[in-house]
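Please examine the model shown below.

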4 protein chains.
Amino acid sequence: MFEKVLKDPVHDEILFEDPLLWTLVNTSAFQRLRRIRQLGTSYMTFHGAEHTRFAHSLGAYETMRKVVSHLQRECDWPNNQREVRLALCAALLHDVGHGPFSHTFEAVLDVHHESWTYRIIMEDGALRSTLDEVDEAFAADLVSILRKDGRFPGIEALISSQLDVDRMDYMLRDALSTGVSYGQFELTRLIRSFTVRDGRVFVKRSSLHTVEQYLLARYFMYVQVYLHPVTVGSDVLVEKILTRVRDLLRAGERVDIPPALEEVISGNDPSVEAYLRLDESVLLYAFHLWSESRDAILKDLSSRFLDRRLFAPIVRDKPSPGEWAALRTTAKAVGFHPDYYVSERVCNIPGYDILGHGITLIGADGEETDLSQISKLIRTLVPSQEHRLFLPKELIGDGPDPLSHRVRSILYSKS
Amino acid sequence: MFEKVLKDPVHDEILFEDPLLWTLVNTSAFQRLRRIRQLGTSYMTFHGAEHTRFAHSLGAYETMRKVVSHLQRECDWPNNQREVRLALCAALLHDVGHGPFSHTFEAVLDVHHESWTYRIIMEDGALRSTLDEVDEAFAADLVSILRKDGRFPGIEALISSQLDVDRMDYMLRDALSTGVSYGQFELTRLIRSFTVRDGRVFVKRSSLHTVEQYLLARYFMYVQVYLHPVTVGSDVLVEKILTRVRDLLRAGERVDIPPALEEVISGNDPSVEAYLRLDESVLLYAFHLWSESRDAILKDLSSRFLDRRLFAPIVRDKPSPGEWAALRTTAKAVGFHPDYYVSERVCNIPGYDILGHGITLIGADGEETDLSQISKLIRTLVPSQEHRLFLPKELIGDGPDPLSHRVRSILYSKS
Amino acid sequence: MFEKVLKDPVHDEILFEDPLLWTLVNTSAFQRLRRIRQLGTSYMTFHGAEHTRFAHSLGAYETMRKVVSHLQRECDWPNNQREVRLALCAALLHDVGHGPFSHTFEAVLDVHHESWTYRIIMEDGALRSTLDEVDEAFAADLVSILRKDGRFPGIEALISSQLDVDRMDYMLRDALSTGVSYGQFELTRLIRSFTVRDGRVFVKRSSLHTVEQYLLARYFMYVQVYLHPVTVGSDVLVEKILTRVRDLLRAGERVDIPPALEEVISGNDPSVEAYLRLDESVLLYAFHLWSESRDAILKDLSSRFLDRRLFAPIVRDKPSPGEWAALRTTAKAVGFHPDYYVSERVCNIPGYDILGHGITLIGADGEETDLSQISKLIRTLVPSQEHRLFLPKELIGDGPDPLSHRVRSILYSKS
Amino acid sequence: MFEKVLKDPVHDEILFEDPLLWTLVNTSAFQRLRRIRQLGTSYMTFHGAEHTRFAHSLGAYETMRKVVSHLQRECDWPNNQREVRLALCAALLHDVGHGPFSHTFEAVLDVHHESWTYRIIMEDGALRSTLDEVDEAFAADLVSILRKDGRFPGIEALISSQLDVDRMDYMLRDALSTGVSYGQFELTRLIRSFTVRDGRVFVKRSSLHTVEQYLLARYFMYVQVYLHPVTVGSDVLVEKILTRVRDLLRAGERVDIPPALEEVISGNDPSVEAYLRLDESVLLYAFHLWSESRDAILKDLSSRFLDRRLFAPIVRDKPSPGEWAALRTTAKAVGFHPDYYVSERVCNIPGYDILGHGITLIGADGEETDLSQISKLIRTLVPSQEHRLFLPKELIGDGPDPLSHRVRSILYSKS
């Protein structure tokens, strides 16, 4: 009997009963996820948020293992071992393409972690050969599930929807690591609330409030953790550092830079091997290098990140073009290049998405209803936005000097 | 009223009521601790163990804040604000000199984190100038406490003894992050059990079993977590990588190496600035560089670490000289340089230390007793050792081939 | 230094630093609360829900102690020791008038626990003389606070409002005991969010989402725990037992009954001494007595409770008069007296109450806003109702027999 | 598919997949356990300790369900459904014979809960007929397991040994309810450490430290919770109340007493029906009755219990006959009947029991070792005793009056 057990702070134990999954865990591509934090720069706000995509991927796998075990017992689904393996492998590998400080990195460098996930599964030697041992269509089917092609609708829904094993693990894990209760929900009950009809996944109507709790936990995690202004300010700083490097390289300036990073930043199509060499240690090391750069802007921005002198967030309405110009002028006047030191971010708080992707409840009588139809609470969860400005603290200040006064008068005017 | 609050997974909140402490937190030297894991390579065994010395230092501070608050209320000690500040600053800064993968790094490079802590406190500009604002003897007094010079016996005992705020925080934090219950103990009760007489710290005799629980939790953390064979195997690998680099440099070979690391590895007396540039991102980046080294040994060892193909631990008695030679010969015969691929480690499980550093209980009648005198359990906690050998998995194998057979016959012979 | 510590599963420790409070804890009237469960018959649904009003009262006191400690430090409020003591005593004693299976008991017997709380504080010898030691107006001021006379608006709000120490403790305690996560919220942060201006309590606007979490936790506790259909069915059973006894006594029938209970049930104005002799052991013992009553209805109902053969809940619209009559006729036909075996309950899920009793947020600029004005989520929390019918399981059945069929056709018709 | 789920604070959920077990849960005899606390009078010390034998029995069942599931998967044991059912039923029903305030009640009244468990299983109509539906030998086999006749050695060991599902549940449950961490251990790992050879249960040698942790948790629960002096003082009070009632009845005095209790106290062989009517509500009600007794001693003792004016514990060596006589004389002189007010208790702290009942570890090589042979820690766990005296607080006092002085001089003399 094959059995490997990993100790886990969220699920107590993560259990491997199929050698295939264990082999995947031990590939170089998967082990790389140990060097990428799950929550990007959130550790600048919540010092406990050091947990990795490696831990989360294991947790998503474990959650899938429990969901599948429940559904096999209760619904005899999936009714073949190959689909069980597809579900488990998809849960384990769904994040394998993530890069360092993912979303920011992707935004600046036009990289898409999903595409990299597909490429890595298909092209990384160790991963691919392991998957090929099942059968030669297995890797492609796995990618098909992650792409949501519609060929395995049940598994696809469990991997990526508003109620999937990805979110189920990360909310609990992020809550535990940061130390907040906002992301807590009734995991075991929620797992038992799943049911399958004709290959589609539903939630039993009797678990209405359990799903409400889960979706509200997600809302609270967004407003209290994921979009915390200090975290977003850290993201902006990373974005500006990478932008400055890219701008310098484009301008033909010489910049000390780790080769793997240069290959990606240069915008040429990097190889899977080069991409897999990228992780947060590489990026942090680059920040170290750049904190001694001859370019004053790059040097300053990188030092700010390492020493955690972050941009200050100001929550306010979108500035008018006049206000915006005034801010840039003021920043420039005191030596802050406005392209790198004056920023705006629109933070999206996701709502409950009803357009064809809702959570469908099913009654004992088989009647299907979208969750939002019977939950007033859930109907309030519509997407919303918050505008924020980010500036160096020195620019805002709190003193009576003319500069602070001028910036504050711009920022806090009634726009 | 000054108040800063950080959310913490162990203590719920970490509270700053004195701007001095908050200024220290925001120095570059302290923020560097975000890039050094509390448990070194333990994350290779327990994937949750990504928590940092930054988080632990905050937790040690918070524990000290509570201990001092209790002792002031109950014993009117310390009876002046300066000593309170010394206690809090010492707790916050006690680990500021730690380097990456501390103990291994120190072993290979003859670096002592304690000495670096003293130097950084005295020499780092931002830290020193902040401390100097209290008074000009403050920084030196802080170092005196960390050195245990005996001038502040009460504070020294709370900072470093068998029952100190350092251990009180790290046991709970390590337990939470790894997901084990072994390190749990009754923190609040233990804090209330402290009492002070004539400037010396005692534990109330009525809390005997609470201290027993704490010391046994420490024992269990050692045997189940800190000295886990897989973790020690990871340490050995880091040691061998650093040793190889040092050997190559000494031999005048060219090795790609981050400058800050080279300065330390070269064995010259590095500056505080250089030392503070070292962290685990630098070391991990170096492993990346070396995983593509022209030196085959360095390349192989570094790749093993990044991909987590660790040395396999074998728990057994110390090999005889003959066995040892046979192992080295066998390894060499198949291409493993024995200096780097065949290792031995003696792991020390600390006991309860009675020699002048015991935990002294005090009865309601003022009678003082060493804990070990009245606790049979504690008397069993004597230092012990475990011998282990570490070899590449390929060398041990489990197959019927002659090599595996030969190594196994050496390893598992009755020595 | 006076210090008494009680170990508590919710707050870790409950700390007494004022001998006055400790004396109150040790009165007979307060100790009686050990024999009254916090959640009435909920233990029939959640077997962990055995925690008592004694534990909850201690927890409400501890929460108040922390709130007051925070407010004194931050707002210098209350600015005198007498008001601190009023706040702490009010939190400790707010439930001292509760009877067994409170709400049901009160409904049948026209008893109001609030009035009994006031009477007990004023009339119980030990309690009163303890309070009188503070000063002779202290007991009356305490009652004034519990009555919400408006003389101590800040303390009154902390004792009884939508955000008070009562709810703050019971939600966490009920969640822990039942084993659900629904009632979890960020207690420490919420406590720090309180502020006082001109003697009125506000919540800082920056803690908007923390209050939202708290109110949603309350919502989830209502729909998932407090109004659980099985619990309500248990309440209905207790109600019917007490009703039957009262009816028998009014009809002049002889019923074995504990004297203290008879004194209350008889409807004469019972003495404080008699009332304080009532607790859940008395009521459960009465059920034992009645389970052997000569009255068949009383005997049957009481046995059902002891053996947990509860009424089955049916969630559906209010029956029409015709349906209602049909149900009663059917029940009667098979020997179930409809007055005792066919019941209806309207369960009220409380909403966020805005009418003059809302939670007022206060901005850094002093601007006051009702929570509902800025939280869409909270605006969905309007009072709602659920109609439920309760019948013996035997009446509903699930078999093909004519009786089950008839009842089911009435219950599940489209009304 | 049959499935019933109960929410549980220790195990999250308790799962029933076999209707047989669910039917047993719903018998009157099993539901009675809702009215008997797991920890007797411990709630007088730890106000959270209100959890019942009902909850514990469910938890022991759930633990057995997990153990059996593990052993079936790993060792194919038990290899038939009948033995699985025996194991589950034995775990569920092992405490069904417990009476109110068990150990004290049993001591005074010469009642043995084990014998009552056997009788109830064999004689209670509903239980027996449910068990008979499996087969006619099933009930007898169940009793055989609980008696440890040796016919089902594996199941017997899991039900009652030093490492059984009974202890595994109660330590975690008692720890949670009281709020202490002392009873925590690694449940899941411990369950996986079980293995079976030739029908005997072993623990894998690799789980040595996990078993050590479990046994030390038990030690700490004994010294910190189960034998807490205040709890033992409460037990002594219950004992004295029951003794006084028995003495009065034997002397032919008239005592108000619930009939079911009288039947047991009278010492005649009570019927199963009478015994099952006994629970803690009956005993507490009796204390209410007796708190108004004409017998001054009974009245006083009962009031003391209800109002929690417990005997004060004095931990000291066994008094000499002279001291003993002096104490009794002094007590009598001030009106305390020494037979009821001066007591001695020897509290036994159990050790690790090696005599034929040890925990046997088994190595990968099949070698069997008793745990104590390889664990020094465990060898310190030898049975020990603590002598305690219990007196009314009034007798000890702390004042300068002659009485207090005299008693104290007796108590605190060097005996």
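Chain A is divided into domain 1 (4–227), domain 2 (229–310) and domain 3 (311–361 + 383–415), with bounds that come from an automatic or database domain assignment. This is a predicted model, in which local features need pLDDT of at least 70 and side-chain atom pairs count only at pLDDT 80 or more, while totals for chains, interfaces and linings use all residues. Residues are numbered from 1 along each chain as its sequence is written, and chains are lettered from A and ligands numbered from 1 in the order in which they are written.

**Domains 1 and 2 of chain A**

- Taken over C-alpha atoms, the centres of domain 1 and domain 2 of chain A are 29 Å apart.
- Their contact takes 25 residues from domain 1 of chain A and 23 residues from domain 2 of chain A; two residues are in contact if their C-beta atoms, placed from the backbone, lie within 7 Å.
- On the side of domain 1 of chain A that touches domain 2 of chain A, the elements giving two or more residues are α5 (102–109) and α6 (113–123) of chain A. Helices (H or I, at least four residues) and strands (E, at least two) are DSSP runs, numbered from the N terminus.
- The largest share of this side, 5 residues, is supplied by α5(A).
- By class, this side of domain 1 of chain A has 13 nonpolar, 6 polar and 6 charged residues. Ala, Val, Leu, Ile, Met, Phe, Trp, Tyr, Cys and Pro count as nonpolar, Asp, Glu, Lys and Arg as charged, and the others, Gly among them, as polar.

**Chain A with chain B**

- This contact takes 32 residues from chain A and 33 residues from chain B.
- On the side of chain A that touches chain B, the largest share, 5 residues, comes from α16(A).
- That side of chain A comprises 12 nonpolar, 11 polar and 9 charged residues.

**Chain D with chain C**

- In this pair, 33 residues of chain D are in contact with 33 residues of chain C.
- β1 (4–8), α2 (28–31), α3 (53–75), α10 (165–178) and α16 (280–290) of chain D each supply at least two residues of the side that touches chain C.
- α16(D) gives the largest share of that side, 5 residues.

**Symmetry of chains D and C**

- A rotation of 180 degrees with 0.0 Å of shift along its axis superposes chain D on chain C (RMSD 0.0 Å), which is the relation of a two-fold axis. Copies are superposed by least squares on the C-alpha atoms of residues with pLDDT of at least 70 in both.
- In chain D, the C-alpha nearest the axis belongs to D:Ser281, 2.2 Å from it.
- The same surface serves both copies, as 100% of the contact residues of chain D recur in chain C.
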